[in-house]
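Hello,

I am passing this structure on to you. Please look through it first; notes on what was found follow below.

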Amino acid sequence: MTTEQTIVPCLWFDDQAEAAATFYTSLFPDSGIAETTRYSRAAAEMSGRPEGAVMTVGFRLAGRSFVGLNGGPLFRFTPAISLFVSCADVEEARGSSSDWPREGRP
């Protein structure tokens, strides 16, 4: 039985997401790069990244999904992670988010 992973950790990089995903996926079985997105002209202008540069890399490690995001140079690397939450539709997303803390407070 295959189930979709609802919460996907996002690892933030300056510009090393693709290299990191390639390295990580070489270490574990049932791993691989699923998709790569690139900065459009508009996104490049807003982020300070070159148009066509890798923006995100979706990959699996030992059967678990992850996303690598190249956020630099405007948004620098931090030791924090983000969590992407997959929802079936807007209503589900709104319902889920109404219970979340505001401004980092429970």
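Is Glu 51 buried or exposed? Glu 51 is exposed, with a relative accessible area of 52%; here buried means under 20% relative accessible area, exposed over 50%, and partly exposed in between (1.4 Å probe, protein chains only).

Some notes on the source. This is a predicted model, in which local features need pLDDT of at least 70 and side-chain atom pairs count only at pLDDT 80 or more, while totals for chains, interfaces and linings use all residues. Residues are numbered from 1 along each chain as its sequence is written, and side-chain values use heavy atoms, with hydrogens and water left out.

The protein chain has three helices and five strands, in the order β-α-β-α-β-β-β-α from the N terminus. Helices (H or I, at least four residues) and strands (E, at least two) are DSSP runs, numbered from the N terminus.

Of the 106 residues in the protein chain, 26% are buried. Among contacts (heavy atoms within 4.5 Å) with a separation of 6 or more in the protein chain, 62% join residues 24 or more positions apart.

One salt bridge turns up in the whole structure, defined as a side-chain nitrogen of Lys or Arg within 4 Å of a carboxyl oxygen of Asp or Glu. It joins the side chains of Glu 51 and Arg 41 (3.9 Å, N to O). Glu 51 sits in the loop between α2 (41-47) and β3 (54-61), and Arg 41 is in helix α2, ten residues apart. Arg 41 is exposed, with a relative accessible area of 55%.

Regards
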